[in-house]
Amino acid sequence: MATLHVNGRALQVPAEPDTPLLWVLRDELGLTGTKYGCGVAQCGSCTVHLDGQAVRSCVMPAAAVGDRQVTTIEGVAGKVARAVQEAWNRLDVVQCGYCQSGQIMSAVALLTEVPKPTDAQIDAAMTGNLCRCATYVRIRAAIHEAARAL
Ligand code: FES
Ligand code: FES
């Protein structure tokens, strides 16, 4: 058993040392908003926050999380997250939706660190989040919109 701090709660989870955080979140904790895409840190669909930083949970061993705070799409909150979610809705960003929890987690981490990102900063921060529906133009516009709202 290991203790993980997820969305503000300390939780005991059964996990082998090398079990990826993604599978603990999905299979043990039922937090299925975080998606499996590639399993090798190439698509971004599994993005969560560790102490506010965007990380790929598919390649993060649960045992390596330690005392850091894990935040998933189910628990992300605060004014930046609200602004991002409102902008996503206003600009109707989502198509099939599969990649979008990862996109939102990366966007929130970016805007927390860089309140008014340029196009180049957005592209650099979001480049690891793939979208098979090619919503990239709307994602970039929604990040600018959220930045304006903040
Ligand atoms: S599932 Fe983790 S980056 Fe693709
Ligand atoms: S909205 Fe379909 S994969 Fe991104």
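This is a predicted model: local features need pLDDT of at least 70, side-chain atom pairs count only at pLDDT 80 or more; totals for chains, interfaces and linings use all residues.
Residues are numbered from 1 along each chain as its sequence is written, chains are lettered from A and ligands numbered from 1 in the order in which they are written, and side-chain values use heavy atoms, with hydrogens and water left out.

Student: Which residue of S4 is the bridge partner of Thr47?

Tutor: Strands are DSSP runs of E, at least two residues, and helices are runs of H or I, at least four, numbered from the N terminus. Two strands pair if DSSP finds at least two bridges between them. S3 (residues 47-50) contains Thr47, and four bridges join S3 to the antiparallel S4 (residues 53-56). In S4, the partner of Thr47 is Arg56.

Student: Which residue in the hairpin of S3 and S4 takes a positive phi?

Tutor: Two residues lie between the strands of this hairpin. The phi in question is near 50 degrees. The residue is Asp51.

Student: Which residue of S5 is the bridge partner of His49?

Tutor: His49 and Thr47 point one way from S3, and Val48 and Leu50 point the other way. S3 runs antiparallel to S5 (residues 69-71), with two bridges joining them. The partner of His49 in S5 is Thr71.

Student: Is Thr135 buried or exposed?

Tutor: Buried means under 20% relative accessible area, exposed over 50%, and partly exposed in between (1.4 Å probe, protein chains only). Thr135 sits in the loop between H4 (119-126) and H5 (136-149). Its relative accessible area is 0%, so Thr135 is buried.

Student: With which side chain does the side chain of Thr135 make a polar contact?

Tutor: A polar contact is a pair of N or O atoms within 3.5 Å; within protein, one must be able to donate a hydrogen and the other to accept it, and residues adjacent in sequence count only if both atoms are side-chain atoms. Contact in general means heavy atoms within 4.5 Å. Beyond four places in sequence, Thr135 is in contact with Val93, Gln95 and Gln100. The polar contact, at 3.2 Å, is with the side chain of Gln100.

Student: Which residues of H1 are buried?

Tutor: H1 spans residues 21-28 and includes Trp23. Trp23 is partly exposed, because its relative accessible area is 30%. Cover for the buried residues of H1 includes S1 (2-6), S2 (9-13), S3 and S5. Those buried residues are Leu21, Leu22, Val24 and Leu25.

Student: How far apart are the C-alpha atoms of Leu11 and Met1?

Tutor: Leu11 lies in S2 and is buried, with a relative accessible area of 16%. Not counting residues up to four places away, Leu11 touches Ala2, Thr3, Leu4, Val6 and Leu29. Met1 is ten residues from Leu11 along the chain, and their C-alpha atoms are separated by 9.8 Å.

Student: What is the phi of Asn7?

Tutor: Most residues other than glycine have a negative phi. Asn7 lies in the loop between S1 and S2. At 25% relative accessibility, Asn7 is partly exposed. Its phi is positive, near 50 degrees.

Student: What is the relative accessible area of Asp92?

Tutor: Asp92 is found in the loop between H2 (79-90) and H3 (100-113). Although not a glycine, Asp92 has a positive phi of about 55 degrees. Asp92 is exposed, and its relative accessible area is 56%.
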